[in-house]
Amino acid sequence: MTKQISFTKYENLVLPHFRDKLNKAESTEDVKKFFVQSAADLMDKILEGAVELENEDIALLPDQPPHYKISKRLLSFAPFKDIWGESDLARVFERLSESAMNRYRHLQKHPEKTDSKIRM
């Protein structure tokens, strides 16, 4: 049996702020931005600043499951690669991306809400 590391406690630290940001998102682009910011915050807490994340390292992909992308650069970084393979981090990212996708779909179905906020 292999040892499984859990990052759920870190997820629980970023989750309230992430949900708050999603609730305040006014466009699908906001949702993408907030997902990336929260995922980067999560990674910073987990890796304790050991890696400098770049803009393209984490992205929300609305058109294809699992709805997030981790860059090859980040996947090749040794500390990240080790924890990615031996932890629940992929599931944590799936849960964050599902929350983001729920808000993304909602905003996509109701563009009038975004349009009305822009006009004000």
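How many positive and negative side chains does the protein have, and how far apart do the centres of the two sets lie? I found 20 positive and 20 negative side chains, with the two centres 4 Å apart. Lys and Arg count as positive and Asp and Glu as negative, leaving out His and the chain ends; each charge is placed at NZ of Lys, CZ of Arg, CG of Asp or CD of Glu.

The model is predicted, so local features need pLDDT of at least 70 and side-chain atom pairs pLDDT 80 or more, while totals for chains, interfaces and linings use all residues. Residues are numbered from 1 along each chain as its sequence is written, and side-chain values use heavy atoms, without hydrogens and water.

Next, the fold. I read the pattern α-α-β-β-α-α-α-α along the sequence, with helices (H or I, at least four residues) and strands (E, at least two) taken as DSSP runs numbered from the N terminus.

Then the core. The largest nonpolar core has 31 residues, and Phe-35, Leu-42, Leu-89 and Phe-93 touch the most other members. Such a core joins buried Ala, Val, Leu, Ile, Met, Phe, Trp, Tyr and Cys through side-chain atoms within 4.5 Å; buried means under 20% relative accessible area with a 1.4 Å probe, protein chains only.

Last, I checked the length of H5 (residues 89-109): its 21 residues should span 30 Å at 1.5 Å a residue, and the end C-alpha atoms are 30 Å apart, which agrees. The expected span is 1.5 Å times one less than the number of residues.

Key. Buried means under 20% relative accessible area, exposed over 50%, partly exposed in between (1.4 Å probe, protein chains only).
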